[in-house]
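Dear colleague,

I am passing on the structure below, and after it I set out what was found when its contacts and surfaces were examined. Please read the notes with the structure open beside them.

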Amino acid sequence: YVFFLMVITDIIRNSLIEAAKTHGLEPYAYLNAVFKALPYADTVEKIENLLPWNFKKSLPNWLPRYVQ
């Protein structure tokens with residue numbers, strides 16, 4: 001069971017990294033920005049804004065300034 005979860009986690013992480021590359025984002029900077037923004041993404045729309053194909057090359061404007 002634990003192995004299965006590790007494999008699924010690896011697949012999701014690699015998918016996000018490859019999607020970020022495909023959309024012209026630097027993977028480390030993208031994931032860093034997403035991890036900063038996730039605690040403040042309180043609606044489905046905000047979470048969708050964090051997906052690589054919707055992500056602008058800067059942090060979303062709905063984040064508090066001290067997070068940016």
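**Salt bridges**

Arginine 13 is joined to aspartate 10 by a salt bridge, with 2.3 Å between the closest N and O atoms; the term is used for a side-chain nitrogen of Lys or Arg within 4 Å of a carboxyl oxygen of Asp or Glu. The model is a predicted one, in which local features need pLDDT of at least 70 and side-chain atom pairs count only at pLDDT 80 or more, whereas totals for chains, interfaces and linings use all residues. Residues are numbered from 1 along each chain as its sequence is written, and side-chain values use heavy atoms, with hydrogens and water left out.

Arginine 13 and aspartate 10 are separated by about one helical turn, because they stand three residues apart in helix H1 (helices are DSSP runs of H or I with at least four residues, strands are runs of E with at least two, and both are numbered from the N terminus). Arginine 13 has a relative accessible area of 43% and is partly exposed, and aspartate 10, at 32%, also counts as partly exposed; here buried means under 20% relative accessible area, exposed over 50%, and partly exposed in between, with a 1.4 Å probe and protein chains only.

The whole structure holds three salt bridges. Another of them brings together the side chains of lysine 21 and glutamate 18, at 3.5 Å from N to O, and these two residues again lie three apart in helix H1, about one turn of the helix. Lysine 21 is partly exposed at 48%, as is glutamate 18 at 44%. In the salt bridge between aspartate 42 and lysine 46 the N to O distance is 3.1 Å; aspartate 42 is exposed, with a relative accessible area of 59%, while lysine 46 is partly exposed at 22%.

**Core and aromatic pair**

Which residues make up the largest nonpolar core? It has twelve: Ile17, Ala20, Leu25, Tyr30, Leu31, Ala33, Val34, Ala37, Ala41, Leu50, Phe55 and Leu63, where a nonpolar core is a set of buried Ala, Val, Leu, Ile, Met, Phe, Trp, Tyr and Cys residues joined through side-chain atoms within 4.5 Å. Helix H1 (2-22) and helix H2 (27-37) are the elements that give two or more residues to this core, and H2 supplies the largest share, five residues.

One aromatic pair is counted, the rule being that rings of Phe, Tyr and Trp (its six-membered ring) pair if their centres lie within 6.5 Å, with planes under 30 degrees apart called stacked, over 60 edge-to-face and the rest tilted. The pair is edge-to-face and consists of tyrosine 30 and phenylalanine 55, at 5.2 Å centre to centre and 85 degrees between the planes. It links distant parts of the chain, since tyrosine 30 is in helix H2 and phenylalanine 55 lies 25 residues away in the segment after H3. Both tyrosine 30 and phenylalanine 55 are buried.

**Confidence**

The chain averages a pLDDT of 84, and 93% of the residues score at least 70; pLDDT is the predictor's confidence in each residue, from 0 to 100. Within the chain, confidence is lowest in H1, at a mean of 84, and highest in helix H3 (residues 44-49), at 89.

With best regards
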